[in-house]
Amino acid sequence: MGLLPFDPETTLQEKITCICLKPSGRCRAELGEANLQLNYKKSRYENDVLLQNEPINTNDANSNKAVHPEYKEEDIKELLIIGAGPHSLTLVLRLLEQDPDFMTDKERHEQAQYKTRMRPINQVNNHIRKLRRGPNAVFRKKKKPSLDTSCPPPLELNDILQKTAIIDAHGEWMQTWKENFATIGITQLRSLINAHADPYDHRSLEYYAEMMKRDGELITLKHLTQRDKDFNGPYQAPSTSVFEDFHELLIDAYGVRNAVQQGFVESIVPIENHYQENEPLFEVIVKDSQGNSQKMWSKRVVSSMGPNFTSKDSLVWDTFLKDSPIPVPKECVLRTHEIVPWLQQKQSDGPSKRVLIVGGGITSAQLALSALKSSWCNGVTLLQRSKSLQRQFDVKNEWMGKARGRLLDEFWSLDMKSRAKKLKEYRKGGSIPPETLKELHQVAVGRNSEMELREEVEISHVEYMDGKLHVSFDNDSCSEEYDMIWEATGSQNQLKKYPALFSLSHHLPIDEVSGLPCLGKDLSWNNDNMKDDEPQGKQKARARCWCMGVLAGLQLGPDALNLVGARHGAVRVAQAIRQDFAKSKEMNIS
């Protein structure tokens, strides 16, 4: 039999009772079949309950027997974090640190102008010594509590290791970041020495390098000068090796080395917690590397995913090669996320290749450097559809200096549509640091290889013949032959391109502007335009779901994706989570 056409307001217990009261000898069989169907459609029904704010009475013994939830109470996680990159690590360490830097970006930059307002140097050095001694030293209770009495208490390490699920495609901290840097051969960061994951002080990396006698790996950026009125330091960026070693130290010191598990989050659905009345849960579908899916349940969810390159279509394939009469090898045209895996497998032997790289940002320039330094490459053309923008950072220098607080205040004073417009204006697409451009030309000259930068030019036609890509441009120049085309044209950072969050938006709709969600100030799935009469279950679910990284740009500003944005977002989200944990423990529901 099918489920009875109950009214949407009917509770689950009323449905079961209705079936039992039917005057039929088949009552028991029908009840069993109804339970099976209710279990089969449980996720959908639970969500309806959550949306209508009519929770199942979990204190009713008969109700509990009828529902048969898929999970046990001990299966429920306190927190689930999607991603294990720099943003996620920065958050987790701030959840654990007893005396964290919870300053706003404005406060931090104002304080940095006066050394007397910052933590004493000896305290920062003591912190680094504790890091080197490991978790026992880091988590030792301080004799004197923090002066900041408003700081919510930290999470216990067990809260992270046993009650938190951190899901990442690679299953290790910052693995994608490390692989990309190693494969492309990036030897120094674009970010400054004060941008890192340490939760205690923004100068920790600098003092760590000095303590380890590696201050020579703090590289002076010669194009930054003290004559720049918009920027007054620091004037150094860390080498890749010292940055990585420092973060390996942080991972071990805070005891989270094995906290990450491999997987890909496919969907997030808010449901009702059968064990705590009026409390929501998130049902999360996670797929492993073998393609097997499993369900997980968590009281809180944080998305800290990086930029989405995989969903971006290939202009060359779709426009020119899709209907080619001659089969085109897949490796002839690669998108951003496909280039690093190809480089990892590339052998030095074989015929030399000429590469056309499309893109105007730092990634395209770094890929050009990597190719030029390789024995298999005999030439690179770097193609940009606009004038090359030479810039030390992704944004103007003033965003990294004393004016940052004022600029953020101006940004926050705007409505969401105006903020989205400003984000594009501030970043201006891609940009390349001056030292990277200089190195490009030096490598090209030293190798006696062909390296050409073409600006304000686009591809007009591509044809595959005789094992070569014949490329024409819109500047009326002659067709040229290439072996490969690399499309390093950025990512599509829109909510709909992230399957897990897009699924969440179906159950908890949220306003979007230019594809970005309009988050709350604490980066929760909750903005000022939410209806006051929304069911309590939905309101609680929104308040316990946070989004960091590039998708938080409407709240964090133009550098939301960068390491500075990781710290900015982690401060907001860590405070919210620590406060929610503390409140839940007081109510004995955490």
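Strands β3 and β6 (residues 260-262) run parallel and are joined by three bridges. The model is a predicted one.

**Strand β3**
- Strand β3 covers residues 164-168, and five of its five residues are buried, so the strand is largely enclosed by the rest of the structure.
- Thr-164, Ile-166 and Asp-168 point one way from β3, while Ala-165 and Ile-167 point the other way.
- Ile-166 has Val-260 of β6 opposite it, and Ile-166 is also the bridge partner of Ile-81.
- Strand β2 (residues 79-82) runs parallel to β3, and four bridges join the two.

**The sheet that contains β3**
- This open sheet has five strands in the order β6-β3-β2-β10-β21, with parallel pairing.
- Its edge strands are β6 and β21 (545-547), each of which pairs on one side only.
- On average, neighbouring strands of the sheet are turned by 20 degrees against each other, with direction ignored.
- Three bridges connect β2 with strand β10 (residues 301-303) in the parallel sense, and Leu-80 stands opposite Val-301 of β10.
- Helix α22 packs on this sheet and touches β2, β10 and β21. The direction of α22 makes about 170 degrees with that of β21.

**Helix α22**
- The helix has 24 residues and reaches 34 Å from its first C-alpha to its last, close to the 34 Å expected at 1.5 Å a residue.
- α22 is mostly covered, with 19 of its 24 residues buried.
- Asn-588 follows α22 and has a positive phi, near 60 degrees.

**The sheet that contains β11**
- Here the order is β11-β18-β12-β13-β14, in an open sheet of five strands with parallel pairing.
- At the edges are β11 (333-335) and β14 (450-454), and each pairs on one side only.
- β11 and strand β18 (residues 484-487) run parallel and are joined by three bridges, with Leu-334 opposite Trp-486 of β18.
- Helix α14 (residues 336-345) packs on the sheet, where it touches β11, β12 (353-358) and β18. Its direction makes about 110 degrees with that of β11.
- Helix α15 (residues 362-372) lies across β12, β13 (377-383), β14 and β18, and runs at about 165 degrees to β13.

**Nonpolar cores**
- The largest nonpolar core has 134 residues, and the members that touch the most others are Trp-173, Ile-268, Trp-486 and Leu-501.
- Helix α22 (residues 563-586) gives this core its largest share, nine residues.
- A second, separate core has 19 residues, including Val-328, Cys-332, Val-333 and Leu-469.
- Ile-268 has contacts beyond its neighbours within four places in sequence; among them are Ile-82, Phe-282, Val-301, Leu-501 and His-507.
- Trp-486, one of the residues with the most contacts to other members of the largest core, is the residue of β18 that stands opposite Leu-334.

Definitions and conventions. Residues are numbered from 1 along each chain as its sequence is written. This is a predicted model: local features need pLDDT of at least 70, side-chain atom pairs count only at pLDDT 80 or more; totals for chains, interfaces and linings use all residues. Side-chain values use heavy atoms; hydrogens and water are left out. A nonpolar core is a set of buried Ala, Val, Leu, Ile, Met, Phe, Trp, Tyr and Cys residues joined through side-chain atoms within 4.5 Å. Buried means under 20% relative accessible area, exposed over 50%, partly exposed in between (1.4 Å probe, protein chains only). Contact means heavy atoms within 4.5 Å. Two strands pair if DSSP finds at least two bridges between them. The expected span of a helix is 1.5 Å times one less than its number of residues. Axes are lines fitted to C-alpha atoms, for helices over the stretch in contact, and angles run from 0 to 180 degrees between N-to-C directions.
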